[in-house]
Each structure stands twice: as structure tokens, then as C-alpha cells.
Amino acid sequence: MPGHLIRFGLTGVVNTAVYYGLYLLFLLSLPYQAAHVLAFALSVVGSFFLHSWFTYRTRPTWRKFFAFPLTTAANFLITTGGIHLLVNVLHTDRRTAPLLAAACAIPITFALTRAIMLPAPPGPPEAVCCGGQMAVAPPSTARVEPVT
């Protein structure tokens with residue numbers, strides 16, 4: 001997991017730089033909210049492939065690609081709400097507000113991205129048939145009674 005966290009951070013830095021560069025470019029001709037939405041949307045696809053190939057070293061699949069927006073939806077809600085709060089309530093400079101809001105989204109985004117990109121953990125112990133019904137008993141609860 002520490003390796004994933006480090007690579008997640010590096011991928012986040014690259015993705016944030018791409019997003020921020022696009023944001024500043026769009027800010028030249030668009031309101032800050034529109035610049036944010038457009039830059040965010042364009043950086044999502046690159047982020048998916050960076051996380052697939054570099055962060056988690058897993059093959060990108062259509063299932064993961066279509067599930068990945070769940071991570072970006074959480075990130076989008078946190079950053080968009082954060083930017084609004086920072087710019088309109090706390091009067092933070094609109095050029096730095098996205099960076100501060102993005103920092104708040106990191107822990108949630110990491111957990112969601114990890115859950116989507118990595119295969120599910122192994123299933124429960126093997127099921128045992130008992131009277132027509134399936135039951136799973138952890139090995140620690142199995143007891144052997146002596147035969148008398």
C-alpha cells in the first residue's frame with residue numbers, strides 16, 4: 001500500500017498540473033466555474049490511464065473506465081464546493097482556490113480509486129453444504145469433538 005500511496009501522490013501531482021494549466025488557460029476567456037468544469041472534465045481521462053498504468057499497474061478495462069467517474073464525482077463535488085467556499089465566502093484568490101480545494105479531496109479520492117482499480121480481495125472461506133443450505137464457517141470456529 002505505501003507504494004500505491006506514493007504513486008497515487010505522484011500521479012495526483014501530474015494530473016493536478018495538467019488540470020491547473022488547463023484551468024488557467026480557460027480562465028482567460030471563461031468564468032472561473034466554467035474553467036474549472038472544463039479543465040476537470042478533460043483531465044479525467046488522463047487520470048484514469050495514469051492510475052491504471054502507473055499507480056496500480058493494472059490493465060485498464062471498460063468496467064474500470066466506467067466506474068472511475070465515481071472517484072472523480074467525489075473529487076468534483078469536494079473541489080467545486082471547496083472553490084465556491086474559498087472564493088465567495090473566505091475571499092481566497094480564485095487562482096489558488098482550486099489547489100486548496102484539491103488537497104481536501106485527496107484522502108477520499110485515494111480510497112475510492114484504490115477500490116475501483118484493484119481486484120476484489122479473495123472471497124470468504126470455502127462454503128460447506130449443511131442440510132441443503134450453504135454455510136461458511138471461519139476456520140477459527142471449527143471444533144473437533146473427541147470420539148468416545
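Reader: Are Tyr20 and Tyr23 buried or exposed?
Author: This is a predicted model: local features need pLDDT of at least 70, side-chain atom pairs count only at pLDDT 80 or more, and totals for chains, interfaces and linings use all residues. Residues are numbered from 1 along each chain as its sequence is written, and side-chain values use heavy atoms, with hydrogens and water left out. Buried means under 20% relative accessible area, exposed over 50%, and partly exposed in between (1.4 Å probe, protein chains only). On that scale, Tyr20 and Tyr23 are both buried.

Reader: In which helix do Tyr20 and Tyr23 lie?
Author: Helices (H or I, at least four residues) and strands (E, at least two) are DSSP runs, numbered from the N terminus. The two tyrosines, Tyr20 and Tyr23, sit three residues apart, about one turn of the helix. That helix is α1.

Reader: What is the angle between the planes of Tyr20 and Tyr23?
Author: Rings of Phe, Tyr and Trp (its six-membered ring) pair if their centres lie within 6.5 Å; planes under 30 degrees apart count as stacked, over 60 as edge-to-face and the rest as tilted. By this rule there are eleven aromatic pairs. Tyr20 and Tyr23 make a stacked one, at 6.3 Å centre to centre, and the angle between their planes is 15°.

Reader: How many residues apart in sequence are the parts that Phe48 and Phe68 tie together?
Author: Phe48 and Phe68 form an edge-to-face aromatic pair, with 5.5 Å centre to centre and 70° between the planes. Phe48 belongs to helix α2, whereas Phe68 is in the loop between α3 (62-67) and α4. The pair therefore ties together parts whose distance in sequence is 20 residues.

Reader: Which elements do the buried residues of α1 pack against?
Author: Helix α1 (residues 2-27) has 26 residues. Among its buried residues are His4, Arg7, Phe8, Thr11 and Leu27. Contact means heavy atoms within 4.5 Å. The buried residues of α1 pack against α2 (32-55), α4 (69-89) and α5 (97-117).

Reader: Which residues does Asn15 touch, not counting residues up to four places away in sequence?
Author: Asn15 is part of helix α1. Asn15 counts as buried because its relative accessibility is 17%. With residues up to four places away in sequence left out, Asn15 touches Ser43 and Ser47.

Reader: Which element gives the most to the nonpolar patch?
Author: Patches are made of residues with over 30% relative accessible area and no salt bridge: like charges are joined within 9 Å, nonpolar side chains (Val, Leu, Ile, Met, Phe, Trp, Tyr) within 5 Å. Ile6, Leu10, Val14, Val18, Leu50, Trp53 and Phe54 form such a nonpolar patch on the surface, with about 660 Å² of accessible area together (Shrake-Rupley method, 1.4 Å probe). Two or more residues come from each of α1 and α2. With four residues, the element that gives the most is α1.

Reader: What is the relative accessibility of Phe54?
Author: Phe54 is placed in helix α2. Phe54 counts as partly exposed because its relative accessibility is 33%.

Reader: What is the N to O distance where the side chains of Arg95 and Asp93 meet?
Author: A salt bridge is a side-chain nitrogen of Lys or Arg within 4 Å of a carboxyl oxygen of Asp or Glu. The structure holds one. Arg95 is partly exposed at 47% relative accessible area, and Asp93 is partly exposed at 32%. The side chains of Arg95 and Asp93 meet in a salt bridge with an N to O distance of 2.7 Å.

Reader: In which loop does His91 lie?
Author: Most residues other than glycine have a negative phi. His91 is not a glycine, yet has a positive phi of about 55°. At 65% relative accessibility, His91 counts as exposed. Its loop is the one between α4 and α5.

Reader: What is the phi of Arg57?
Author: Arg57 lies in the loop between α2 and α3. At 57% relative accessibility, Arg57 counts as exposed. Although Arg57 is not a glycine, its phi is positive, at about 50°.

Reader: Which pattern does the chain follow along the sequence?
Author: The chain has five helices and two strands. Of its 148 residues, 31% count as buried. Read along the sequence, the pattern is α-α-α-α-α-β-β.

Terms used: Expected span 1.5 Å × (residues − 1).
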